[in-house]
Amino acid sequence: MRLAVLDVGSNTVHLLVVDAHEGARPIPAHSDKVELRLAEHLTDDGIIDDDGCRLLVDAVRHALEVAEDRGTEDLLAFATSAIREASNGPEVLAAVHDQTGVDLEVLTGDDEARLTFLAVRRWFGWSSGRLLVVDIGGGSLELASGVDEEPDALASLPLGAGRLTRTMLPGDPPSSKDVKAVRKHVRAEVARYLRPFETTGMPDRVVGTSKTFKQLARIAGGPSSDEGELVPRAVSAADLEHWAGELAGMTFEERAALPGVSPGRAPQLLAGALVADAVASLLEVDEVQVCPWALREGIILRRLDWMRGEL
């Protein structure tokens, strides 16, 4: 069957259309993104402003049209931290439903960690042993570790690359004082949540699933996206440390000139690199492998598992 997954994140509204069948991996058929940057429409008192709500409705309506044009049979729609944390989130969800008919499922941070972990486990398989999965989103950082399909340790922290850039890294490039403050803040926050991950034992494989890791692996010399998702990609802890330092002195335009970095993502790449470097350093990780599957694929796999159970 052909499924569509609509992901309303802090940065983008992303529609992924896949062909999914029992016993087979979901095959991407179409991808459509709108750079909405919903988190930037949050006011100081935590309300998504009228423009943000209107743009979100327009983006969901556009996604529905694309999904219909692509012949999808089912739509799985969800939202993450931007709506989850907005004080008027329920009103925004109601506006989306009233004007488009779409019910957005708001995931908790733990939901994000679990579903992303499921996707990574299915991608790498049981032979990969204990996994540690790191996902740096626009609004939050998710960590999950385990030997099964359900993690035995997980955490969701407000350390998304977009959030940190917006609140703590003004300037193009930011000042060395601000970069130092972010580095200290991130390491202190991550360290508070490390105990469950340290007590479960060292992971056999550390995996990054976000755009941040894909970009860092690319600028560190990894394969381009044109070579396909089956080509192994990874970034070393040494490269994470190096690029966290290099990016701090680069303007947005200079970052966007790096391989694999889009102008829209360039401003927040430094914050993402600082978070990635902190996690790798504090957990004494040598290398982070990049997985092409993440939260959207986890949502699809969960739905397929549910359908299988109904048969």
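The axes of helix α8 (residues 211-219) and helix α11 (residues 266-282) come within 10 Å of each other and cross at roughly 90°. This makes α8 roughly perpendicular to α11, a label given to angles of 65 to 115 degrees. Axes here are lines fitted to C-alpha atoms, for helices over the stretch in contact, with angles running from 0 to 180 degrees between N-to-C directions. Helices (H or I, at least four residues) and strands (E, at least two) are DSSP runs, numbered from the N terminus. On the α8 side, T212, F213, Q215 and L216 meet L269, G272, A273 and A276 of α11; contact means heavy atoms within 4.5 Å.

The model is predicted, with local features requiring pLDDT of at least 70 and side-chain atom pairs counting only at pLDDT 80 or more, while totals for chains, interfaces and linings use all residues. Residues are numbered from 1 along each chain as its sequence is written, and side-chain values use heavy atoms, with hydrogens and water left out.

Strand β6 (residues 131-136) holds D135. D135 is buried and yet has no salt bridge, the nearest side chain of opposite charge being K214, 8.2 Å away. Buried means under 20% relative accessible area, exposed over 50% and partly exposed in between (1.4 Å probe, protein chains only). A salt bridge requires a side-chain nitrogen of Lys or Arg within 4 Å of a carboxyl oxygen of Asp or Glu; Lys and Arg count as positive, Asp and Glu as negative, and His and the chain ends are not counted. The side chain of D135 does make a polar contact of 2.5 Å with that of T209. Such a contact is a pair of N or O atoms within 3.5 Å; within protein, one must be able to donate a hydrogen and the other to accept it, and residues adjacent in sequence count only if both atoms are side-chain atoms.

E150 sits in the loop between β7 (141-146) and β8 (153-157) and is partly exposed, at 45% relative accessibility. Beyond its neighbours within four places in sequence, E150 is in contact with R114 and F117, and its side chain forms a polar contact of 2.8 Å with that of R114.

Some backbone details are also worth a look. Most residues other than glycine have a negative phi, and most peptide bonds are trans. R37, not a glycine, has a positive phi of about 55° and is buried, with a relative accessible area of 16%. For E284, phi is near 55°, and this residue is exposed at 63%. A cis peptide bond, with omega about 0°, joins D172 and P173.

Note on methods. Parallel < 35°, antiparallel > 145°, perpendicular 65-115°, else oblique.
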